[in-house]
Amino acid sequence: MSSPDLEAHVRGTSRYIDDMADPAGMLHAAAVTSPSPHAELRAIDAAPARALPGVVAVLTAADIPGLNQIGGIIQDEELFATSTVHFIGQPVAVVVAETFHQARLGARACVLDLEELTAIFDAREAAAAGELITASRTLDTGDVDAAWADCDVVVEGRADTAGQEHLYLETQAALAIPEEGGRIKVWSSTQAPTAVQRITARVLGLPMNLVEVEVTRLGGAFGGKEDQATPWAVMAALAAQRTGRPVRLTLNRHEDMVCTGKRHPYSSDFKLGLKNDGAIVAYEVHLWQNAGAAADLSPAILERSLFHATGAYFVPNARIHAASCRTNLIPFTAFRGFGAPQAMFVMEAAIDRAAEVMGLSRSEIQAKNLLSEGDEFPYGMRVKRSRARRSFNEAAGRFDLAAVENEIAEHNATHAVVKRGAAAMPVCFGISFTNAVLNQAGALVHVYTDGSVNVSTGAIEMGQGVNAKILAVASAALGVPRERIRIENTTTRTIANTSPTAASSGADLNGSAAGLACRAIADRLRSVAAERLDTPFDRLSIADGVVLADGEPTGLEWNELVWNAYTKRVNLSAHAHYATPGIWYDKETEQGEPFAYHVFGTAILEVTVDCLRGTSTVDRVRMVHDGGRSLAPAVDLGQLEGGLVQGLGWMTMEELVFHQGRNLSDTLSTYKIPDLLGTPVIEGHFLDDADNPKAVMQSKAIGEPPFMYGIGVYFALLDALRAFRPDRKGVYDAPLTPEKALMFLHGDR
Amino acid sequence: MAKKKPIKDAAESGVTRRGFLGSVGAGAAAVAAGVSTRAEAIPEITDPEEMVQIALTVNGRLHRLLVEPRWTLLFVLRERLGITGTKAGCERGECGSCSVLIDDLPRYACLTLALEAEGTEITTIEGLLDGEELGDVQRAFAEHDAFQCGYCTPGQIVAAEGLLRANPAPTDHEIRHGMSGNLCRCGTYQHIVNAVTHAADGRRKGGGS
Ligand code: FES
Ligand code: FES
């Protein structure tokens, strides 16, 4: 049993924002958006919209009482474009009307007077033109220039990865309700309620204490509702403030695909130097991140790319350059992995190229260079409790990688058309927000006089199971069964200044805070019990709703104890704050300890390609994952599988296509995600004895790392393709769709 | 609240929470296009006289209401009848979140007009309970953790129910094919297969409905 939402989910009674009953007098809002990727916006003629039935208001930048600015890290993004539009889908106004349909007709009726400007869509071109979001960054370790001379082999190449649509099944949604005294209540489908609160306050010209943002749960997010939920919530709030009526803004799927940010496309050049035995000596890489038209979270994502550029490997001499490039595409944003997958793909490509040139197997080079205890990352941190080698060896052993490789070689030698391939994919992923400030969380716990408990934190439940984990922590810390505890909605009124639920850290941070608050109350209750039972405090504990003395039941039960404490006027509520200790980073020197710890694991992936048609199947993926001591094993298994499936999609079928700035893959009929038929047999194993003193109850974060197991599928496919076309060198341009496979199999270049 | 309003109110105002064409056709494209000059979508009916009276049987209960001929069953279930277990994921027949049973067959409610569904037995996730208790497929999904965010879950369960009604003893292959019209972005597919397999076993042994 994984989730406190279990019953409601299968009954269909779980509420998402669009399921909430409409408040009386509610209006609908729809954005007017730019049809041009780059243009001077000379005028907005809203008169035709205002003349339509049902249209109540058309709001533009001129109607904003506060600042027309929604940028987070860098304030470079207007809520409504004023003089220039920078991408297709950029909001310029919002139409508020009586019905969903009327709002959309109104949005369409607005006439924009635009003067087209030249646009850039390619990251490398943008960099050449000096269009950078922030100054580019370089990590430098060892002496790369000198090291090339020590290498027996040096390979170079280019690697590209396309973007990825989040396709959370619940689209972006918000419901804003004006309350008394100018207060605004916003229900938002966001991973970052405080960000929505802060920016709503900024745009509406209110102090933050007049804006409340509440979230029950999200129907999936994957990073796509970290910054990208904000504009829609702010528009709804603005419309509510201006009209004095509740306003709902829900994007339909097509709007969501056109108007919201996605995973960043990256383009990279790599150079890898090795000894003849496969030992990596030096690595240099240039990463060009296509940031789109505004910063959004791009600088933070770029930072994680820098930190993960060497993957799960030790590279003594490395130089990693990364540039965040401004183009006229949608602002790209957070997506599971947060820039790490893009950088790790390049490292794997470099290893693949080296294996190709040297005639070694890829897994041999991988295994030789895995991180060992104490190895230093290019950002100066030394790896502690490295389980890179352990998980690789366990995967290779448990799944008999050598036998799989032999069997495939044999198959390929005897089959002309249907070829198979396999790859190992080791992952090392750093846990903590790289922006140290965000590594804090609060929790508020109330015990009511009937013994029931409410726990509030800043964590957002979006399917990743954070509530199940917080429940496990609270239940253990208080000593009461889970059924007595309810995990509350997340609201900025209860928990202030929350960090987004992101970076896989939701349970680490909020679980820790909840544990602290619960223990504070448990200690007070033990004091009450000590007096009542006339037993020293230290000998008492509470477990499963019963007070124990030296581990033996005393007969004093939780409910009675709670009531007893109440009558003695003991505080049955506690707030706690948690800040991850010991993490820091100095951007000047590009050195520090940005992560509390790392997560490790290895996947073995097997594929089959029909080399006549270019079609392929992923047959089987088996993983050994370092999950720490799991707070919720069923949740972690689900994350392991789900992350993998998304990674497989990114590498094989999810093809985001832009033409002149227009997203051509803007519906589910033109953008394919894995379905049940495309999902392989998946086997996930967790390392035993994998304690982690750096996180709550020895657990480990899990959300993002499994995504990167999917990268292996690219190389497994490439092996199968090269078995058919041994004359061709590998190309590194993900996703490897059937179309691209066909071109590889039957093309000349 | 609007969702619970009696039929009369809906007829009077013609107010809709979500217009079908706006979300499916020209309207949506135009939001992206902003200044598109494409043909106008059909305006909403504001005259109650032009609405059509229909009777829908949902989960065994008869509902009489006025609808615009273009309203989808999904729209009517969610916005007129307040039955919100059926989710909108794409409103274009591409994701399966809106799956309902129409006379035992799984159908996308977003591609079914409410008018077409008159005279049929419509079953939504809410109709799969066994009294107050979870139905067998619901129980199987719960026991096998066949969900994460839960948004696709009602559609998955309804699709599984439809599959089992048509084929009480599906093979693994038939389950995978039968359920492939329902996307799960959280990637719970393996658990879904396990849940459906388990539910099918239960029915074969005579445990289920
Ligand atoms: S909402 Fe009907 S299939 Fe997606
Ligand atoms: S559980 Fe989230 S989409 Fe299926």
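This note comments on a predicted model in numbered points.

1. Basis of the model. Residues are numbered from 1 along each chain as its sequence is written, while chains are lettered from A and ligands numbered from 1 in the order in which they are written. Because the model is predicted, local features need pLDDT of at least 70 and side-chain atom pairs count only at pLDDT 80 or more, whereas totals for chains, interfaces and linings use all residues. The scores of the model are ipTM 0.97 and pTM 0.94.

2. Confidence in chain B. Here pLDDT denotes the predictor's confidence in each residue, from 0 to 100. Chain B has a mean pLDDT of 82, with 76% of its residues at 70 or more. Residues 1-41 of chain B have pLDDT below 50, yet this stretch has 107 contacts in the model beyond near neighbours in sequence. Two residues count as in contact if their C-beta atoms, placed from the backbone, lie within 7 Å.

3. Overall make-up of chain B. The chain contains 8 helices and 5 strands, in the order α-α-α-β-β-α-β-β-β-α-α-α-α from the N terminus. Helices (H or I, at least four residues) and strands (E, at least two) are DSSP runs, numbered from the N terminus. Of the 209 residues in chain B, 55% are buried. A residue is buried if 20 or more other C-beta atoms lie within 10 Å of its own, exposed if 12 or fewer, and partly exposed in between, with C-beta atoms placed from the backbone. Among contacts in chain B between residues at least 6 apart in sequence, 60% join residues at least 24 apart.

4. Domains of chain B. Chain B is divided into domain 1 (2-125) and domain 2 (129-204); domain bounds come from an automatic or database domain assignment. The contact takes 16 residues from domain 1 of chain B and 13 residues from domain 2 of chain B. On the side of domain 1 of chain B that touches domain 2 of chain B, the elements giving two or more residues are β3 (99-102) and β4 (105-108) of chain B. The most, 3 residues, comes from β3(B). By class, this side of domain 1 of chain B has 7 nonpolar, 7 polar and 2 charged residues. In this classification Ala, Val, Leu, Ile, Met, Phe, Trp, Tyr, Cys and Pro are nonpolar, Asp, Glu, Lys and Arg are charged, and the others, Gly among them, are polar.

5. Domains of chain A. The division of chain A is into domain 1 (6-118 + 166-259), domain 2 (266-434 + 587-746) and domain 3 (440-579). The centres of domain 1 of chain A and domain 3 of chain A, taken over C-alpha atoms, are separated by 37 Å. Their contact takes 17 residues from domain 1 of chain A and 14 residues from domain 3 of chain A. On the domain 1 side, the elements giving two or more residues are α6 (193-204) and β11 (211-215) of chain A. That side of domain 1 of chain A has 7 nonpolar, 6 polar and 4 charged residues.

6. Strand β10 of chain A. Strand β10 (residues 184-188) of chain A is largely enclosed by the rest of the structure, because 5 of its 5 residues are buried. A:Ile184, A:Val186 and A:Ser188 point one way from β10(A), and A:Lys185 and A:Trp187 point the other way. In a regular strand the side chains alternate between the two faces of the sheet.

7. Partners of β10(A). Strands pair if DSSP finds at least two bridges between them. Strand β9 (residues 173-178) of chain A pairs with β10(A) in the antiparallel sense over 5 bridges, and A:Ala174 has A:Ser188 as its bridge partner in β10(A). The hairpin of β9(A) and β10(A) has 5 residues between the strands, and A:Gly181 there takes a positive phi near 70°. β10(A) and β11(A) run parallel and are joined by 4 bridges; A:Trp187 has A:Glu214 as its bridge partner in β11(A). A right-handed β-α-β unit is made by β10(A), α6(A) and β11(A). Right-handed means that, with the strands pointing away from the viewer, the path from the first strand over the helix to the second runs clockwise.

8. Surroundings of A:Asp375. A:Asp375 lies in the loop between α11 (362-369) and α12 (388-398) of chain A. With 18 other C-beta atoms within 10 Å, A:Asp375 is partly exposed. Not counting residues up to four places away in sequence, A:Asp375 touches A:Phe314, A:Arg382 and A:Val383.
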